[in-house]
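Visitor: I would like to go through this structure by question and answer. Please take me through a strand, a loop residue and some charged pairs.

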Amino acid sequence: INHIVHNGGLYKRPFNEAFEETPMLVAVLTYVGYGVLTLFGYLRDFMRQWKIEKCQNATEREEQKDFVPLYQDFENFYNRNLYMRIRDSWNRPICSVPGAKVDMMERVSHDYNWTFTYTGRVIKDIINMGSYNYLGFAQKTGACQEAAAKVLSQYGAGVCSTRQEMGNLDKHEELEKLVARFLGVESAMAYGMGFATNSMNIPALVGKGCLILSDELNHASLVLGARLSGATIRIFKHNNMQSLEKLLKDAIVHGQPRTRRPWKKILILVEGIYSMEGSIVRLPEVIALKKKYKSYLYLDEAHSIGALGPSGRGVVEYFGLNPEDVDVMMGTFTKSFGAAGGYIGGKKELIDYLRTYSHSAAYATSMSPPVVEQIITSVKCIMGEDGTNIGEARVQQLAENTRYFRRRLKEMGFIIYGNEDSPVVPLMLYMPAKIGAFGREMLKRNIGVVVVGFPATPIIESRARFCLSAAHTKEMLDTALKEINEVGDLLQLKYSRRRLVPLLDRPFDETTYEETED
């Protein structure tokens, strides 16, 4: 389904997303594949029970048979019999900076992936298409590394205290002022862990008697934070504004269950870029609904900050909106900034409240000083405050790489999900056997990719997920595309029935934001 939305002037630029329907034959064969694997799984479990096949998974000891079981057999069925077959596609250890190219330790398994042995060999110069290194700041040389090394020698590696006690450094204060300026908000607060920024702060904002409206594809950290809050949670269909508006109307008309009292707060949870779909939130419409129904908006910009917008300020800038229209702006430093941790930005009253009541502020150790300096240096680079235009060039390069890579994959006949401007590029694999096969075949050709299957995705929507970077050169992308095309033919992955006619090749650097500003 192709979306080209203008929606009554809400959008200042074309909004193009594609989610091509799964071909019926592919869907049937995928279900059959999982069915066959499940049948063989039960057969192998039967053989393990009768000691015909060696049992390698965790089991109860004989003397504990009458206790409450520690291991639920059925819950572990998928891990034992499906995941284990392709476990070599994940957790591959790298031994270099996760830049545009990485070095990987070679490992082999002699018992069908139950255990791995390292050969001692290092596979050099694998093109890295999996790391969230959007702006290429994951590097061991340059201004960021030099600044972090200098701060390490001055402050050390750890702080050994919380922000509310002895762990509040001048560097933390500097970072928060810089982030607030970068986002265009009154105030900001930094946290040492991106996941905990969501899971520990949402419970501080809402509680019993409040309503959370959450996108069905929100990240696990948002889901956990919503559950921990004790608020009522209702799910709306992904990026579907009709579904969201219906929930908002019902919430206002009917109020709380049983008592029918009005909800204390209604909080909408959305992400900037959805990391499995490659889609971008329909933020202009979400803000319009938020204003219409007097609710609050929590925006998770983990993947979009630095990666979207003409100057890398995220999805709010991408749509040309006012940051004040987003009540809680959350993001992480783990992706575009090549560091660790997260932040929340908004009005000063909100941030002052979180400094007191957030579990992450009260109980978590402060961010490491070298990590803080890495973020400060990279943000200043993006803003151009380092006296160069390197940051602006990287944001531009990422936009060009994204459009080029997506266009070429679609021309080859692959089904590609998501928005044309999203640096997260899901390529649909569907069948379970092709998950492991694609990862292995790409690694043979010195391309490192991430493959994803159930339960992280719907059972028939397994995929490979590419993450583009400003550090990728055109030569690297062309090499990767050539190999992807070859593996696509080998594994018969070109399912698309809407093949695009290749455009006349344009110069690589012409694919810019200016093309779609009208």
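This is a predicted model: local features need pLDDT of at least 70, side-chain atom pairs count only at pLDDT 80 or more; totals for chains, interfaces and linings use all residues.

Visitor: Is strand 5 largely enclosed or exposed?

Guide: Strand 5 covers residues 187-191. From this strand S187, M189 and Y191 point one way, while A188 and A190 point the other way, and all are buried. Because 5 of the 5 residues are buried, strand 5 is largely enclosed by the rest of the structure.

Visitor: Which residue of strand 11 is the bridge partner of M189?

Guide: Strand 11 spans residues 342-346 and pairs with strand 5 in the antiparallel sense, over 5 bridges. M189 is one of the residues of strand 5 that are buried. Its bridge partner in strand 11 is I344.

Visitor: Does H219 count as buried, partly exposed or exposed?

Guide: H219 sits in the loop that runs between strand 6 (211-215) and helix 6 (220-229). Its relative accessibility is 34%. Buried requires under 20% and exposed over 50%, so at 34% H219 counts as partly exposed.

Visitor: Which residues is H219 in contact with, leaving aside neighbours within four places in sequence?

Guide: The loop holding H219 lies between strand 6 and helix 6. With the neighbours within four places set aside, the contacts of H219 are F195 and E271.

Visitor: How many residues apart in sequence are the parts that D421 and R403 tie together?

Guide: The side chains of D421 and R403 form a salt bridge, at 2.9 Å from N to O. D421 lies in the loop between strand 12 (418-419) and strand 13 (424-430), and R403 in helix 13 (residues 390-412), so the parts tied together are apart in sequence by 18 residues.

Visitor: Are D421 and R403 buried or exposed?

Guide: The relative accessibility of D421 is 8%, and the relative accessible area of R403 is 15%. The cut-off for buried is under 20%, so D421 counts as buried, and R403 is likewise buried.

How values were computed. Residues are numbered from 1 along each chain as its sequence is written. Side-chain values use heavy atoms; hydrogens and water are left out. Buried means under 20% relative accessible area, exposed over 50%, partly exposed in between (1.4 Å probe, protein chains only). Helices (H or I, at least four residues) and strands (E, at least two) are DSSP runs, numbered from the N terminus. Two strands pair if DSSP finds at least two bridges between them. Contact means heavy atoms within 4.5 Å. A salt bridge is a side-chain nitrogen of Lys or Arg within 4 Å of a carboxyl oxygen of Asp or Glu.
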